[in-house]
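Hello,

Here is the structure I promised to pass on to you.

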Protein chains: 2
Amino acid sequence: MKATAIANANVALIKYWGKRNEELILPFNSNIGITCDGLTTRTTVEFSTKYNSYKDHQIIINDEEFNRDEKNVQGQLDRIAGIAGVELKAKVVSETNFPVAAGLASSTSGFAALTLAACEALGLKYSPRDLSILVRQGSGSATRSVMGGFVLWNKGIKPDGTDSFAEELFDKHYWPEFRIIATILNTKKKSIASRAGMSQTVQTCPYFNSWVTSTEIDLLNMRKAINNKNFKLLGETAEFNALKMHATMIASKPAIIYWNSSTINIINMVYKMRAAGIEIYFTIDAGPNVKILCLKKDEIQITKVLKSLKEVIGTISCSLGDGVRLTSEHLF
Amino acid sequence: MKATAIANANVALIKYWGKRNEELILPFNSNIGITCDGLTTRTTVEFSTKYNSYKDHQIIINDEEFNRDEKNVQGQLDRIAGIAGVELKAKVVSETNFPVAAGLASSTSGFAALTLAACEALGLKYSPRDLSILVRQGSGSATRSVMGGFVLWNKGIKPDGTDSFAEELFDKHYWPEFRIIATILNTKKKSIASRAGMSQTVQTCPYFNSWVTSTEIDLLNMRKAINNKNFKLLGETAEFNALKMHATMIASKPAIIYWNSSTINIINMVYKMRAAGIEIYFTIDAGPNVKILCLKKDEIQITKVLKSLKEVIGTISCSLGDGVRLTSEHLF
């Protein structure tokens, strides 16, 4: 009744922004992400009658009682208990090595680890694909964290979502030189959660349809870039796609501006280094933090420049990592 | 052969971004701006045979030889000389009380004053409407600076542009409480001129068509807001429209990001003051500077807060101003 899973965050190169089905969490677009070996969540789940006196499942993340996206975490645990046919409450203890809810894709590793640990605790066995479908119902992007390396989340076309799953395009050994450097700007939680921001964009942004159609083109370019290890095309496509996503937020009513002054400063630093001949690109998720895309040869120099910026509290350099897996090292 | 004109900058509430005809400068959208009494350009133009030894017209702006948008200024002087049927070179001396080419709409007052002074110097007399058509061919937004108060630039539908002119919706006396406060962030010229940025957006932004169609709705809301002196609707519509314009730039390829870290900080200041109950909104043109929209009752408090921000070098508080006019006080 107790199990522990480890998952890595998956950062999108082609973004997921907008649900065609809110309840099942089905996206308008297929999207592609990288499972990052340095952004890790470890989660222990125990289901037991001894927790049934609690009103809800008990969630502790990084030593704090969790009170954000609470509903989604509770819902996912209820869903899994329902599948297993038990009426039990769970205790969940989770640790991440990076700030949560700051646009660093913490929900991807979080929901992947939570789901696998909860399933294992209740004796449920899934294939990776089916696990990704179950994870998806807790948090969309998290479906990609089930797999390692370069991961495609197929949007699917079926109304029931059974064809909307994660697929490993290439495993973590495919491109050893590939790096993604997360910049830690501040650990303040973002002002609007991704889920709410996404919904507001779908409802109010006049550019939303064009976002969906133009992202299909980006997706083709990204697949081509990955297949050919064409880093320039990969970087340019990732930047274009991320900025287009932020443009839909900025053009929503009311506007959703996740950027802060540091975001702009780091974007300008990337432009400046690139103008100087360094192969450096960026992507930004729903938060102020900027992720740098680069190759191993430039990693040390770029990290040095990043750390020289007063707004950068820290950096986490990642290469391609594994998908979610079980471990016997429990957190309680 | 010598004349001087004064014009006020016109700041758009519904933006002009994108030309349907590059040569005649015809916009995709009708747009609305405010002629601001505090952002002023004075320009003296003299046509004379004594300048004919120069290769080009000689342009001095704020005591500096002008070398930006040079082609457009030269072209406008050639156009006017051509209409008058003379082959003369001009000397132009222009002064502004605010930084040029920093997103403060300096080209609006600049081209309006230049055109009127040049016409007067050569004995050409135009109605305000016809003058606005001539000004438009030098710089699109400048057409609005021909008129005072709230000004509509009709997009027109004719291929020859004869129905694309400025129209005074309400003169400067209509709304005495209305204020627009320009924040001076830095006097650095922007990295990409409006004209080039606009063209790049039309060619590469997948959201451009949606920008055009959604701006038609904003235009109706803005006319309603002005007619009813509904400041809330005016402010909300101006913000939405400005952010939508910047979103098209951000979603262009390569991206055009006029914002800097100060832009974001001031946007957040506006949100914060508004959350505290103050009627404050913003608009941003193609540059980093933010313009604040407010009413007289809040002007002092808002100016105080703006000046407390370390990035704000200065503020210029404007009410509704006059359109372009002649003066006998020459600059040389």
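This is a predicted model: local features need pLDDT of at least 70, side-chain atom pairs count only at pLDDT 80 or more; totals for chains, interfaces and linings use all residues.

Residues are numbered from 1 along each chain as its sequence is written, chains are lettered from A and ligands numbered from 1 in the order in which they are written, and side-chain values use heavy atoms, leaving out hydrogens and water.

Chain A has eight helices and 14 strands; these are DSSP runs numbered from the N terminus, with H or I over at least four residues for helices and E over at least two for strands. Its radius of gyration is 19 Å, close to the 20 Å that the globule rule gives for 332 residues, so chain A is as compact as a globular protein of that length. That radius is taken over C-alpha atoms, and the rule is 2.2 Å times the number of residues to the power 0.38. The C-alpha trace of chain A spans about 60 × 40 × 40 Å along its principal axes.

Seven of its seven residues are buried, so β10(A) is largely enclosed by the rest of the structure. On one side sit Phe178(A), Ile180(A), Ala182(A) and Ile184(A), and on the other Arg179(A), Ile181(A) and Thr183(A). Five bridges join β10(A) to the antiparallel strand β12(A) (residues 290–295), where Ile181(A) stands opposite Ile292(A). Strands count as paired if DSSP finds at least two bridges between them. β10(A) also pairs antiparallel with β13(A) (residues 314–318) over five bridges, and Thr183(A) has Thr315(A) as its bridge partner there.

In chain B, twelve of the 13 residues of strand β1 (residues 2–14) are buried, so β1(B) is largely enclosed too. Eleven antiparallel bridges link β1(B) with β4(B) (residues 31–48), with Ile6(B) partnered by Arg42(B).

Finally, helix α4 of chain B (residues 194–204) has buried residues including Gly197(B) and Met198(B). The buried residues of α4(B) pack against β2, α5 and α6 of chain B, where a contact means heavy atoms within 4.5 Å.

Best wishes

Technical notes: Buried means under 20% relative accessible area, exposed over 50%, partly exposed in between (1.4 Å probe, protein chains only).
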